[in-house]
Amino acid sequence: MDWDKLRIFHAVADAGSLTHAGDILHLSQSAVSRQVRALEESLSTTLFHRHARGLILTEQGELLFDATKSMTKRLDAASARIRDSEEEVFGELRVTTTIGFGTLWLAPRLTKLYEKYPDLNIDLMLEERVLDLPMREADVAIRMKEPSQADLIRKRLMSVRMRLYATQQYLEEHGEIDELKDLSSHRLICQNITSEQVGAGASFVQSLLADDLQSILYVNNYFGVLQAVIHGLGVGVLPDYVIQDFPDLVRVLPEIESAEVPVFLAYPEELRQSKRIGAFRDFVQEEIISHRKQLAQKGNP
């Protein structure tokens, strides 16, 4: 099969439209259409169902699209390795992590990375779903558990625990919490145990919900929980890494916390020599060392 035709087919399948694909490829709609028809003729099959709202892949088209997606990811990986020079760090780096860690810890620190590598472009993909690194859905991941794939390079970065936090103003207005039973007269802000989150966090919340609570506010990510807490809505279940950047938060019931959650950085074996990966890995490690030192100076375990 002609790779140029496959490239055009992939763009059309991805865009769902001849016009949009043409815009991406800088080709006319008629040129794109001719290439797709020629590919269909060479394969003696129909790749798209055509209708007024756009194009839908046929079963045969889906099979070919799966193949071209894999080919494109492999080519992107090869291209990334070729572009990585011995001294320069530039180009796109796709980083995935959870919404909580990405918004509350990683994103606020990226200024330092950009200052050192101004030609680096970060595509930060924040979601609870674990993206497939070997299939190049992302280049590097920070995950709240050890990756299971054998063809990944992994490094343990730190440990996290979920703890209870509130603002001092909230506690002054609604009363101090000295014992677990005191929590029952306060609003608990947390993720629902059915939300996508680490098991230790869900178990911790479940243990708190076993008591008779006055009120509960569920939010499906830690960024939302934090916003509710700092605006005085109640006592929140939050990861302990928020303390450094939000010193106004007060830890509630310090003897209570979740089980330990390991944090790993991982990337595909094939990107071992990538200068961009190395730059990002070193940046994260340096920031974690700085994070630990600041917490130690403040007396936070």
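This is a predicted model: local features need pLDDT of at least 70, side-chain atom pairs count only at pLDDT 80 or more; totals for chains, interfaces and linings use all residues.
Select Asp-2 first: this residue is partly exposed, with a relative accessible area of 38%. Residues are numbered from 1 along each chain as its sequence is written, and side-chain values use heavy atoms, with hydrogens and water left out.

**Salt bridges**

The side chains of Asp-2 and Lys-5 meet in a salt bridge, 3.5 Å from N to O. A salt bridge here is a side-chain nitrogen of Lys or Arg within 4 Å of a carboxyl oxygen of Asp or Glu. Lys-5 is buried, with a relative accessible area of 19%. The structure holds 19 salt bridges.

Next, select Arg-74 and Glu-270, which form a salt bridge with the closest N and O atoms 2.9 Å apart. This pair links distant parts of the chain, 196 residues apart: Arg-74 belongs to helix α4 (residues 59-83), while Glu-270 is in the loop between β12 (261-268) and α10 (275-297). Helices (H or I, at least four residues) and strands (E, at least two) are DSSP runs, numbered from the N terminus. Arg-74 is partly exposed at 49% relative accessible area, and Glu-270 is partly exposed at 23%.

Move on to Glu-260 and Arg-161, a salt bridge whose closest N and O atoms are 4.0 Å apart. Glu-260 lies in the loop between β11 (249-252) and β12, and Arg-161 in the loop between β6 (152-160) and β7 (162-167), so the pair ties together parts that are 99 residues apart in sequence. Glu-260 counts as partly exposed, at 42% relative accessibility, and Arg-161 is partly exposed too, at 24%. Now extend the selection to Arg-156, Arg-163, Arg-251 and Glu-257: salt bridges that share partners join these residues with Arg-161 and Glu-260 into one network.

**Aromatic pairs**

Turn to the rings, where the structure holds four aromatic pairs. Select Phe-101 and Trp-105: their ring centres are 5.0 Å apart and their planes are at 20°, so the pair is stacked. Rings of Phe, Tyr and Trp (its six-membered ring) pair if their centres lie within 6.5 Å; planes under 30 degrees apart count as stacked, over 60 as edge-to-face and the rest as tilted. Phe-101 and Trp-105 are four residues apart in helix α5 (residues 99-106), separated by about one helical turn. Both Phe-101 and Trp-105 are buried.

Phe-280 is buried, as is Phe-283.

**A charged patch**

Finish with Glu-172, Glu-173, Glu-176, Asp-178 and Glu-179, which form a negative surface patch. Patches are made of residues with over 30% relative accessible area and no salt bridge: like charges are joined within 9 Å, and nonpolar side chains (Val, Leu, Ile, Met, Phe, Trp, Tyr) within 5 Å. Centre the view on Glu-176, in the loop between α7 (168-174) and β8 (187-190). At 46% relative accessibility, Glu-176 is partly exposed.

Terms used
Accessible areas come from the Shrake-Rupley method with a 1.4 Å probe; for residues, only the protein chains shown count as cover. Lys and Arg count as positive and Asp and Glu as negative; His and the chain ends are not counted. The place of a charge is taken as NZ of Lys, CZ of Arg, CG of Asp or CD of Glu. Buried means under 20% relative accessible area, exposed over 50%, partly exposed in between (1.4 Å probe, protein chains only).
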